[in-house]
Amino acid sequence: MDSNQAKQHNLVGSESASERTLYPYVTGSSVVAIKYKDGILMAADMGGSYGSTLRYKSVERLKPTGKHSILGASGEISDFQEILRSLDELILYDNMWDDGNSLGPKEVHSYLTRMMYNRRNKFNPLWNSLILGGVKNGQKYLGMVSMIGVNFEDNHVATGFGNHLARPILRDEWHENLSFEDGVKLLEKCMRVLLYRDRSAVNKLQIAKITEEGVTISQPYALKTFWGFAAFENPTVGAEGSW
């Protein structure tokens, strides 16, 4: 092998050993979150799809972040793990100051927007859509950021199919004085619609609550469903030219 061939071999080798996510493999579906009277509620199922196969059914996609925040993620699970590692470093560095202050949800959300946009500019994005919610000093905060750094705050947010199927429900039924029980019912209604309509959804979900007192994440549970609708039993009736 001459020197030119060796250089070419090294270039090919370095490219093939790249650690970037060129395409998402194991992915999670929608996350839905709302503000309610006392804080933030967030819901996500526990499915992890390998392509179109529901390969994993116990993937936790809601994670506490620091003292005041909770993070939910759609998209590539390994990239979500990388984001959690970066956040752990950020929180540890903040705690090392030991100055009585701690990062709130607004600061963590800002960090995530910069991280996602920075990776997008390197053409090496983290293949996730993120929702960050929290409460600090009585102020509720709820925001999202996409894989290319697009971000905003709102009273209710969703990722994935939830943007199309859940947010219309939230626009109709959400109000700022929602009780905890009514907020959970509203999120369950959204998750049930997603279960009916999104092939990547699985009937095993968690709901997280964050208030001034801290974060509580429910044990996984299943929703009651009904599959006897006529449109489900024979979806092609009246569709001309269909199979």
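**Entry 1: around strand β7**

I began at Thr 65, which stands opposite Ser 69 in β7. This is a predicted model, so I kept the confidence scores at hand for later.

The pairing of β6 (residues 62-65) with β7 is antiparallel and covers four bridges.

Which other strands pair with β7? I noted β1 (residues 26-28), antiparallel over two bridges, and β8 (residues 128-136), antiparallel and joined to β7 by seven bridges. For landmarks on screen, I marked Thr 27 opposite Glu 76 of β7, and Ile 70 with its bridge partner Gly 133 in β8.

Then I asked how many residues of β7 are buried. The count is eight of the eight, over residues 69-76, so β7 is largely enclosed by the rest of the structure. Buried here means under 20% relative accessible area.

**Entry 2: the five-stranded sheet**

Next I traced an open sheet of five strands, and wrote down its order as β11-β2-β3-β12-β13, with antiparallel pairing. As a reminder to myself, strands of a sheet pair through backbone hydrogen bonds.

Which strands stand at the edges? They are β11 (156-158) and β13. Each has a single partner strand, so one side of each is left without a neighbour in the sheet. I also looked up the twist, which averages 15° from one strand to the next.

Inside this sheet I followed β3 (residues 39-45) along β12 (residues 205-211): they pair in the antiparallel sense over six bridges. Ile 40 has Ile 210 of β12 as its bridge partner.

What lies across these strands? Helix α6 does, covering β2 (31-36), β3 and β12 and running at about 25° to β3.

**Entry 3: rings**

I stayed with α6 and turned to aromatic side chains. The structure holds nine aromatic pairs. The pair I looked at in detail is Tyr 196 with Trp 227, an edge-to-face arrangement with 4.9 Å centre to centre and 85° between the planes.

Where do the two rings sit in the chain? Tyr 196 belongs to helix α6 (residues 180-197), while Trp 227 is in the loop between β13 (214-217) and α7 (230-233). They are 31 residues apart, and the pair links distant parts of the chain. I checked how accessible Trp 227 is: its relative accessible area is 46%, so it counts as partly exposed.

The pair is part of a cluster, too: ring pairs link Tyr 196, Phe 226, Trp 227, Phe 229 and Phe 232.

The charged end of Lys 209 sits over the ring of Phe 180, 5.1 Å from the ring's centre.

- Asp 98 has a positive phi near 50° and is not a glycine. It lies in the loop between α2 (77-97) and α3 (105-121). Is Asp 98 buried or exposed? Asp 98 is exposed, with a relative accessible area of 71%.
- Phe 123 also has a positive phi, about 55°, without being a glycine. Its place is in the loop between α3 and β8. At 72% relative accessibility, Phe 123 counts as exposed, because the cut-off for that label is over 50%.

I finished with the totals. The protein has seven helices and 13 strands. Its C-alpha atoms fill a box of roughly 70 × 65 × 30 Å along the principal axes. Of the 243 residues, 44% count as buried. Among contacts between residues at least 6 apart in sequence, 63% join residues at least 24 apart.

How confident is the prediction? The average pLDDT is 91, and 91% of the residues score at least 70. Over residues 11-15, though, the pLDDT is below 50, and this stretch has zero contacts in the model beyond near neighbours in sequence. Where pLDDT is low, the predicted coordinates should not be read in detail.

Methods:
Residues are numbered from 1 along each chain as its sequence is written. This is a predicted model: local features need pLDDT of at least 70, side-chain atom pairs count only at pLDDT 80 or more; totals for chains, interfaces and linings use all residues. Side-chain values use heavy atoms; hydrogens and water are left out. pLDDT is the predictor's confidence in each residue, from 0 to 100. Contact means heavy atoms within 4.5 Å. Buried means under 20% relative accessible area, exposed over 50%, partly exposed in between (1.4 Å probe, protein chains only). Two strands pair if DSSP finds at least two bridges between them. Rings of Phe, Tyr and Trp (its six-membered ring) pair if their centres lie within 6.5 Å; planes under 30 degrees apart count as stacked, over 60 as edge-to-face and the rest as tilted. A charge sits over a ring if NZ of Lys or CZ of Arg is within 6 Å of the ring centre and within 35 degrees of the ring normal. Axes are lines fitted to C-alpha atoms, for helices over the stretch in contact, and angles run from 0 to 180 degrees between N-to-C directions.
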